[in-house]
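Please open the model in your viewer and keep the sequence panel beside it. The stops below are meant to be selected one after another.

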Amino acid sequence: MTRYVKEIFASERGGPSGASGTPPAPAALAAKVRTLGPSMTRSMQRVAEAVAGDPAGCAALTVTGLAELTGTSEATVVRTARLLGYPGYRDLRLALAGLAAQQQSGRAPAITTDIAVDDPIADVVAKLAYDEQQTLADTAAGLDTVQLGAAVTALTTARRTDVYGVGASGLVAQDLTQKLLRIGLIAHAHSDPHLAVTNAVQLRAGDVAIAITHSGSTGDVIEPLRVAFERGATTVAITGRPDGPVTQYADHVLTTSTARESELRPAAMSSRTGQLLVVDCLFVGVAQRTYETAAPALSASYEALAHRHRS
């Protein structure tokens, strides 16, 4: 047995090489699988898909049994458990048992989100509504509140904030900036990559730059974030891929749910839901900490627009 494999199995016994921090709650397991699945090896994906698809059955298996079921090795099973946030397979089995109990209590949804071309519109509404709810629940379950709090602190004291996003993520960038502007903060959204970079070179320590990219690999968003990072600004990435290239230039990473794509509902639609939740969390966190100035600013902006809503 190699030293690496020995270290992996040491974590199963609670050794020092195990994952640090608090393991995710059972309800967060499926969200972690969806988020991290694309970055796993194929053998690890088989393990992850097995535990997410049949938590009750897998909870009853030893590490050897799960390895045989998935056609992988015991070391792969333990590596997968650790990647999902558990110190070892024993901890993952406990989470699987908890998830199975939740499902058996009737909380597991019976609806699927696969939308067919000939689906009645009522079914489309129900399926999309469930998918939106699942995306929000998965994003909330996987969101690192320590990272979120640090990002809120940076935004609260920032001289200015630049937000980068293209396509659907560009719409989310605009949503965040208009919220910050309404509470009296200086914020700019950039979807043009040239303008994004030319603005990023003006940033410095005390400023904040936020990149929004579901894939984590959008070059037009990564480049200005890199520039801002090198200029000393505090950088934040909102992404569905915590292992994506954008994170190497991010001081703080906020992960969104990686929802399944379909022909009629591409990732640009499903990812936007999780991104908007993170944006709202950032905004409310900042508004809480700046309440004495934020509340009057919101009131003033409302009054300035009130006449436009009167008939």
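In which helix is the place of Ser301? Select residues 291–306, which form helix 14, and Ser301 will be found there; helices here are DSSP runs of H or I with at least four residues, strands are runs of E with at least two, and both are numbered from the N terminus. This is a predicted model, in which local features need pLDDT of at least 70 and side-chain atom pairs count only at pLDDT 80 or more, while totals for chains, interfaces and linings use all residues. Residues are numbered from 1 along each chain as its sequence is written, and side-chain values use heavy atoms, with hydrogens and water left out.

Stay on Ser301, which is buried with a relative accessible area of 16% (buried means under 20%, exposed over 50% and partly exposed in between, with a 1.4 Å probe and protein chains only).

Next, select strand 3, residues 208–213, where six of the six residues are buried. Both faces are covered, with Val208, Ile210 and Ile212 on one side and Ala209, Ala211 and Thr213 on the other; in a regular strand the side chains alternate between the two faces of the sheet.

Strand 1 (residues 161–164) runs parallel to strand 3 over four bridges, and Tyr164 stands opposite Ala211. Strand 4 (residues 234–239) also pairs with strand 3 in the parallel sense, over six bridges, and Thr235 is the bridge partner of Ala209.

How values were computed: Pairing = 2+ DSSP bridges.
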